Amino acid sequence: MGGDLASYDRSLIFGVYSTINVIVFMSGVLIFMMQAGFMMLETGGMSRKNAINNIFKNFVDACVCGIFFYWFGYPILTGDSILVDWMREMGFAHTTENTSPGPIVTLNDDISLFFNFAFAATCVTICSGAVTGRIAPYAYLFFGAVFSALIYPVVAFTVWNPDGMLYGVIHDFAGSLVVHGLGGFAGLAGAIMLRPRIGEFNFGRGQIDSYRFAGSSISNAAHNIPISALGVFFLWIGWYGFNAGSTFAAGFDLSEIDLSATQDQPDMIANAIFEQLIGGFGQVVINTTLAPCAAVFSVLAFFMVTQNKYNISDLMNGALAGLVGITANADAATAPIAVLIGVLSGAVYVIAVIFMFRAKIDDPIGAFPVHGAVGLFAGGMFALTTGDMELGPIVFGTQMFYGAMICMFGFLSALVTFWVASRLMYVIKKLGNSQYFDYGPMPRNHLRVTPEQELAGMDLELHGQDAYSINLTAPGKAKTTF
Amino acid sequence: MGGDLASYDRSLIFGVYSTINVIVFMSGVLIFMMQAGFMMLETGGMSRKNAINNIFKNFVDACVCGIFFYWFGYPILTGDSILVDWMREMGFAHTTENTSPGPIVTLNDDISLFFNFAFAATCVTICSGAVTGRIAPYAYLFFGAVFSALIYPVVAFTVWNPDGMLYGVIHDFAGSLVVHGLGGFAGLAGAIMLRPRIGEFNFGRGQIDSYRFAGSSISNAAHNIPISALGVFFLWIGWYGFNAGSTFAAGFDLSEIDLSATQDQPDMIANAIFEQLIGGFGQVVINTTLAPCAAVFSVLAFFMVTQNKYNISDLMNGALAGLVGITANADAATAPIAVLIGVLSGAVYVIAVIFMFRAKIDDPIGAFPVHGAVGLFAGGMFALTTGDMELGPIVFGTQMFYGAMICMFGFLSALVTFWVASRLMYVIKKLGNSQYFDYGPMPRNHLRVTPEQELAGMDLELHGQDAYSINLTAPGKAKTTF
Amino acid sequence: MGGDLASYDRSLIFGVYSTINVIVFMSGVLIFMMQAGFMMLETGGMSRKNAINNIFKNFVDACVCGIFFYWFGYPILTGDSILVDWMREMGFAHTTENTSPGPIVTLNDDISLFFNFAFAATCVTICSGAVTGRIAPYAYLFFGAVFSALIYPVVAFTVWNPDGMLYGVIHDFAGSLVVHGLGGFAGLAGAIMLRPRIGEFNFGRGQIDSYRFAGSSISNAAHNIPISALGVFFLWIGWYGFNAGSTFAAGFDLSEIDLSATQDQPDMIANAIFEQLIGGFGQVVINTTLAPCAAVFSVLAFFMVTQNKYNISDLMNGALAGLVGITANADAATAPIAVLIGVLSGAVYVIAVIFMFRAKIDDPIGAFPVHGAVGLFAGGMFALTTGDMELGPIVFGTQMFYGAMICMFGFLSALVTFWVASRLMYVIKKLGNSQYFDYGPMPRNHLRVTPEQELAGMDLELHGQDAYSINLTAPGKAKTTF
């Protein structure tokens, strides 16, 4: 039936090509919106005095990631890097061949790169929430470059590339572990290394007294909740790209569909292909909607039981926790399971927040509770949960074990990266003599800005700008002169 | 010509499937952005002291809608609910069969669910603008649940489902009546039942004097116009999804196209199918652009004639009025008619605002003037206007009559729902003894927060947060302690 | 092979139709988001006292453009206008015929109109940044109408319509010259004609002393950097629509693909068509990502060398400069060239900012440095740069010459338009006697609001609103009474 099949295949393949590439491009744009979302979430959720510094970090890290992921990260992800050759030699990567009998419709390489860049930028930015308010900007940008060029790509390669060691061993649909677990635990490492902001948990109380600035504020309180809330909506919106786009991130294998079966019922065969193509996609979209809704109920219930005040920041982080939770399993969960994952993710978030508070680890925006704790929990526990609840115990153990390994890798690699950044900052400080790098005695390490800079706020100290002149207190501060 | 036709149909059906599902998914995402738009519009347009409460309402109602629409609303909409069976028994619904001779390309069920969820969430949120600033949060969430699960789905089923009583009787393309009329009149009911905020129309002047808080403000003025303006842009952007996506909400009937006619001119037949598929879609997009532009001119002209101050909030609401106005007829109107509808919608908005002011009904964001008044006007008057202005008088009367019925249904069902909510709040208050529910003597009903809470602002009283610490007046207020 | 080819062509043509129209529609929505982006960028980057006026200008100009571009501009662009007939008579336009041997898949006319409207609105809005803070709102709206109806369409017709004189002579992919150069130079003309805001470059120092208002501020400082930063993200996001959508703005010529070559390898031929369709698209997306990232590095390096403060506004404008720079060449540049263009665009931006500062031209948001200077530079220098760096000197000279002509046309036509607006404002002022138009003695022209209005802020003077009541200083100011 040569001619017929040929003409059939051409049009089919073209249609599938077109569909998945358009969806993945639009998904990439939606994910890129998450950069704006994180920027607003963190800026609004932090003190006014560091607003511009937060914008700076979130904006420039996307640019750093754009360059470094393009040149170093993406080749690792696709297996075209010297590093992957070395990993193959060392046994950390396989060499597989595509043995699919039918045509696999793949993404355009540039669109795939754009989509994966957006993932990498998200993963880097997750950390920024945990270290914000006291990290030296250059140290953070160095971390972002290493994370974009090396750490995230190696993990993503290992889990998602067919040559990766964990490919087919664990299931992580859109990155509860690979993106959120990794990023959240890296943020935890940063938060521990940096120690709390001055004033949190009574940390640095002495410094507050000795460095009291005229007109400066020691408040670390969130300064602009509405913009923070808008950021959460951006993240939710972007997550539709994150999850839905991931349906096609690996292309689409036409061989799974029996083309000859209903050859004489053209609409049935088109329907079958379409349902396979879009059906899973639709399920992902619904799961991505139900899980955050359920997680908000979960956090709301916690507030009802324990207190009569309803902190909006925690409710919104609850929605993000639900989104992180469903990310590993959005392709397999049925709607009731998505709701269950959402409820449990909200609970895990609350527990993690209390843990962080008790452990006196200062994670200003809740990057670890939202992304790290929930990512590990949901990626480890629920990534395998399908509609009929067939949880094989061995496979479950494997998932949990490797999930924890990924998070541990994120934690340790961030520790090393921040340590190197700290040493580099020290060297630069010795080499340079500018005011910016003249840190003075630091309580712990060279990752942090000076107590003076922290107390006065990095906006005025490092950027020479005031984020708002609404009070009319600082006219002209925002002008640059040449 | 079996084989040829078969191969032709397969590819065609697949292509149409793919096109409409991708567009409807992206439209769903755009409509979901409207949640962020309403949040910003209302938060920025209200007083600072209730900013977080506004965010809470707009954020949590989307989550409530997600859960309740999924479980109860959508089955009603698709006719798979016990309620619809009962409606059929009672004669409020038909039982029709699909008798289309050709293949109808339908949406993926999950994508249709997502798209309709976004509609339902919009309809619920419309009400929130009218009741904001004094409604007890739980009463509002109860209302949102009932509206998502029952009221909106029943109306949408009746108008849009082929089994619905009004299907084919009236024309409402994307919901000037079903979404905006219904929601706007429900908001009107809420605004009347709740009575004005303290301080509006000199309402509760005595209470202001007796409950003067140190440092609190009685101002109800809009506190952040820029974020409000951004919200309006989000709504406009989301409306492209609202209207354009609705082109394919019911799928696409291939039988309308004569496939055999130009069998030997392949590009012409593809062109014909495509123009039928996308042609109406493009027209919708243009109408959705022209109507709000024209409505802004209309409001601007009103300001020119009556005063020399140009209130940006009214101009932006004018654009929304134009969008509401074109929603019923975006598929049929030609461009000049879209402009006409826009101009008239702007005028109706202005008249409705003046009416609300004179009637002393406090609708803080203008939900009724924008959605209710314009929705009824445009849905009743213009939904049938086609390019050649064939307005049948009987059909026009039918449209107007049922349009008014839908709005009346929204008004009455909201009255009942809010009354039940009020009773429930009373019961809960009697059962509980927490500070939150201890309302004290209420001027009218249990829907409202206490005068103390209203005057001090719900942000501090109910959420324990201050939306901004830009003034540095309330350091540390935003922290939750465990 | 008639039947086969026929069936092949139908499905192919339909698929291509569908793909390009969906992409262009979504791109149009993304570009429309840039209106919100410009609004936020300008509002946040200007003084608080003119926040509402900025919103007014940016919002209403989009509406003006919607109406005027629809009725006058788009017919010019497509060559269906009397003006184009006159241009043909005068020799400023050709009359060509479509001689393509194969089917050209064109955009749906309404979707093309929507897409081009979004372009026109962007071009108009670019100017607003340069003239903001002192221009009389009506003068600006008059300018916007003329620009939408006449100036932009004529230039876009000349470069992009096959009948245009410069079609095929110069290469401007998505409008570095046609949109950004034109708009930026028009803004420069406006900034020069209007002279600086009072207080900038010590301009009008005497007036400040004589018109000191109680409680008013002379500060021109940026008042809300976070919202400004969000605006930049919106612009970046919108640029994906701007550039990627432009890939298909002229439709798609199927004749470029040899359909018969691999007739028996259906997936290869589908692949070939697809790669031709989406391949260039993907390249555009990557270039649009890399150039702004690189430009930010460029501006960051400048700050490192010259000072130790990192002005976030300049970094963000740097990203926009990179985006403007790649716009002319996004279809042809390879990734390394995109990075190079980004780096150089950032440098050109910095040089232009310094030039403007030294020349004492007050361009509050940097419209000329970002759009004008970089647009001319990149459109003139780099639009022809392809992967293999084949820069023919003559062609390069042609590109540079006509690029400069386009910018000069923008500058001169804006001069004339603003002059006419100034005369019109004078006439209206004489005719009317309202407070709004009673300008009093003006230092230079009738384009400007009065010094009193400028010093007190246009928000209170012209709009009767205060953008924020966060300070609780002006309760009730935002209410309109009837």
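Visitor: How much area do chain B and chain A bury between them, and what share of it is on carbon and sulfur atoms?

Guide: In this predicted model, chain B and chain A bury about 6,300 Å² between them, and 75% of that area is on carbon and sulfur atoms. Contact joins 68 residues of chain B with 78 residues of chain A.

Visitor: What does the rule find across that interface in the way of salt bridges and polar contacts?

Guide: For chain B and chain A the rule finds 0 salt bridges, but 11 residue pairs are in polar contact, both residues being at pLDDT 80 or more. On the side of chain B that touches chain A, the elements giving two or more residues are α1 (2–45), α2 (51–78), α4 (109–131), α8 (225–246) and α15 (458–463). The largest share, 22 residues, comes from α1(B).

Visitor: How do you know that the copies meet through different surfaces?

Guide: Only 13% of the interface residues of chain B are also interface residues in chain A, so the copies meet through different surfaces.

Visitor: What makes the relation of chain B to chain A like a three-fold rotation axis?

Guide: Chain B can be laid on chain A by a turn of 120° with a shift of 0.0 Å along the axis, and the RMSD is 0.0 Å. The two copies are therefore related as by a three-fold rotation axis.

Visitor: Let us look at charged pairs. Why is A:D163 with A:R88 called a salt bridge?

Guide: Their side chains meet at 2.5 Å, N to O, and the cut-off is 4 Å, so the pair qualifies. The partners come from distant parts of the chain, 75 residues apart: A:D163 is in the loop between α5 (137–160) and α6 (176–194) of chain A, and A:R88 is in helix α3 (residues 82–90).

Visitor: Which of these two is called buried, and which partly exposed?

Guide: A:D163 has 10% relative accessibility, and buried means under 20%, so A:D163 counts as buried. A:R88, with a relative accessible area of 23%, falls between 20% and 50% and is therefore partly exposed.

Visitor: How do you know that B:D466 and B:R48 form a salt bridge?

Guide: Their closest N and O atoms are 3.1 Å apart, which is within 4 Å, so the pair meets the rule. This pair also links distant parts of its chain, with B:D466 in the segment after α15 of chain B and B:R48 in the loop between α1 and α2, 418 residues apart. B:D466 counts as buried at 13% relative accessibility, and B:R48 is buried as well, at 10%.

Visitor: Which residues are joined into one network by salt bridges that share partners?

Guide: A:D85, A:R88 and A:D163 are joined in that way. A search of the whole structure finds 18 salt bridges over all chains.

Visitor: Why is A:K360 called exposed?

Guide: The relative accessible area of A:K360 is 52%, and exposed means over 50%, so A:K360 is exposed. A:K360 lies in the loop between α11 (335–358) and α12 (367–381) of chain A.

Visitor: Which residues have the most contacts inside the largest nonpolar core?

Guide: That core has 491 residues, and those with the most contacts inside it are A:Y152, B:Y152 and C:Y152. Leaving aside neighbours within four places in sequence, C:Y152 is in contact with residues including C:F69, C:F119, C:W160 and C:L182.

Methods: Residues are numbered from 1 along each chain as its sequence is written. Chains are lettered from A and ligands numbered from 1 in the order in which they are written. This is a predicted model: local features need pLDDT of at least 70, side-chain atom pairs count only at pLDDT 80 or more; totals for chains, interfaces and linings use all residues. Side-chain values use heavy atoms; hydrogens and water are left out. A nonpolar core is a set of buried Ala, Val, Leu, Ile, Met, Phe, Trp, Tyr and Cys residues joined through side-chain atoms within 4.5 Å. Buried means under 20% relative accessible area, exposed over 50%, partly exposed in between (1.4 Å probe, protein chains only). Contact means heavy atoms within 4.5 Å. Copies are superposed by least squares on the C-alpha atoms of residues with pLDDT of at least 70 in both. Buried area is the accessible area (1.4 Å probe) that two parts lose on being put together, summed over both. A polar contact is a pair of N or O atoms within 3.5 Å; within protein, one must be able to donate a hydrogen and the other to accept it, and residues adjacent in sequence count only if both atoms are side-chain atoms. Helices (H or I, at least four residues) and strands (E, at least two) are DSSP runs, numbered from the N terminus.
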